[in-house]
Amino acid sequence: MSLAAAPKNEPYFPLAGLADDGWSNDTEATATCYCGKVQMKFPHEAPGLVDTFACSCSDCKSFSATSFATNFVALDSHTSFVRGEELLTEFSQSKTIGSGGWMKQHFCKVCGTLMFRTGEVAPGVRIMRVGTVDDHMLAQTKLAPRIEQYTKDKFSWIGPLDTEIKCEASMDFGAVLGKTDRWAPKAKA
Ligand SMILES: [Zn+2]
Ligand SMILES: [Zn+2]
């Protein structure tokens, strides 16, 4: 089986890391680190799921150790740990952050997987990582990026991403993030 060959609209859990107990249902799913010791539960419906975005900023390249990052933003109040919270380590800095405020990495100290980030400018949310989601069909569909930011710093060989919103640099978090009816239609003002 492969993701391309997997039945659409059905969960798909490839062998990815050492855990084999990831799951997803109509409203929630798991995200697990590479060694399997840290597992979280998150919402993939509004209001718990706020938004999804891809980012090509220099920070994302550095801390993800690859070419760009894909993220989803979930309310703190709607995410929780299945196991391993005590195994998370934090690293915080503000030198490279555009807003000047701190951003903090929360990663597994056993295997190094970055589970989520938190930031001074966005209290109450966790910026989680699409690559930790156990159900890859969910990652491919509902968690596909709606916003792409830092296109000015994107490697030229990365093809166009099919996103609703493009930002040359950082999105205006207050104006953009979560302003969508993609997951739960909201009354228009
Ligand atoms: Zn781990
Ligand atoms: Zn970034």
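Leaving out neighbours within four places in sequence, Met128 touches Ala31, Phe42, Asn71, Phe72, Ala74, Met115 and Phe116, where a contact means C-beta atoms, placed from the backbone, within 7 Å of each other. Keep in mind that this is a predicted model, in which local features need pLDDT of at least 70, side-chain atom pairs count only at pLDDT 80 or more, and totals for chains, interfaces and linings use all residues. Residues are numbered from 1 along each chain as its sequence is written, while chains are lettered from A and ligands numbered from 1 in the order in which they are written.

**Cores**

- Met128 also belongs to the largest nonpolar core, which has 24 residues; Phe72, Ala74, Met115 and Met128 are the members touching the most others.
- Such a core is a set of buried Ala, Val, Leu, Ile, Met, Phe, Trp, Tyr and Cys residues joined through C-beta atoms within 7 Å.
- Two or more residues each come from strand 1 (28-32), strand 2 (39-43), strand 3 (49-55), strand 4 (69-75), strand 7 (103-108), strand 8 (114-119) and strand 9 (125-129).
- There's a second, separate core of seven residues, with Phe53, Ala54, Cys55 and Cys60 among them.
- In soluble globular proteins, nonpolar side chains tend to be buried together.

**Overall fold**

- The chain has three helices and eleven strands, taken as DSSP runs (helices H or I, at least four residues; strands E, at least two) and numbered from the N terminus.
- In sequence order the pattern goes β-β-β-α-β-β-β-β-β-β-α-β-β-α.
- For 189 residues, a compact globule would have a radius of gyration near 16 Å, and the chain agrees at 16 Å; that radius is taken over C-alpha atoms, and the globule rule is 2.2 Å times the number of residues to the power 0.38.
- The C-alpha trace spans about 40 × 35 × 35 Å along its principal axes.
- Buried residues make up 32% of the 189; buried means 20 or more other C-beta atoms within 10 Å of a residue's own, exposed means 12 or fewer, and partly exposed is in between, with C-beta atoms placed from the backbone.

- Eight strands form an open sheet in the order 6-7-8-9-4-3-10-11, with mixed pairing; strands pair if DSSP finds at least two bridges between them.
- Strand 6 (88-93) and strand 11 (165-166) are at the edges with a single partner strand each, so one side of each has no neighbour in the sheet.
- Strand 10 (residues 147-149) runs parallel to strand 11, joined by two bridges, and Glu148 sits opposite Lys166 in strand 11.
- Strand 1 and strand 2 run antiparallel with five bridges; Thr32 has Gln39 of strand 2 as its bridge partner.
- Their hairpin has six residues between the strands, and Gly36 takes a positive phi near 90° there.
- Four of the five residues in strand 1 are buried.

**Lys104**

- Lys104 is in strand 7 and is partly exposed, with 15 other C-beta atoms within 10 Å.
- Beyond four places in sequence, Lys104 contacts Glu90, Phe91, Ser92, Arg117 and Thr118.
- From Lys104 to Asp26 is 78 residues in sequence and 30 Å in space, C-alpha to C-alpha.

**Confidence**

- Mean pLDDT (the predictor's confidence in each residue, from 0 to 100) is 90 for the chain, and 93% of residues reach 70 or more.
- Over residues 183-189 pLDDT stays under 50, and the model has seven contacts beyond four places in sequence for them.

Conventions: Contact = placed C-beta atoms within 7 Å.
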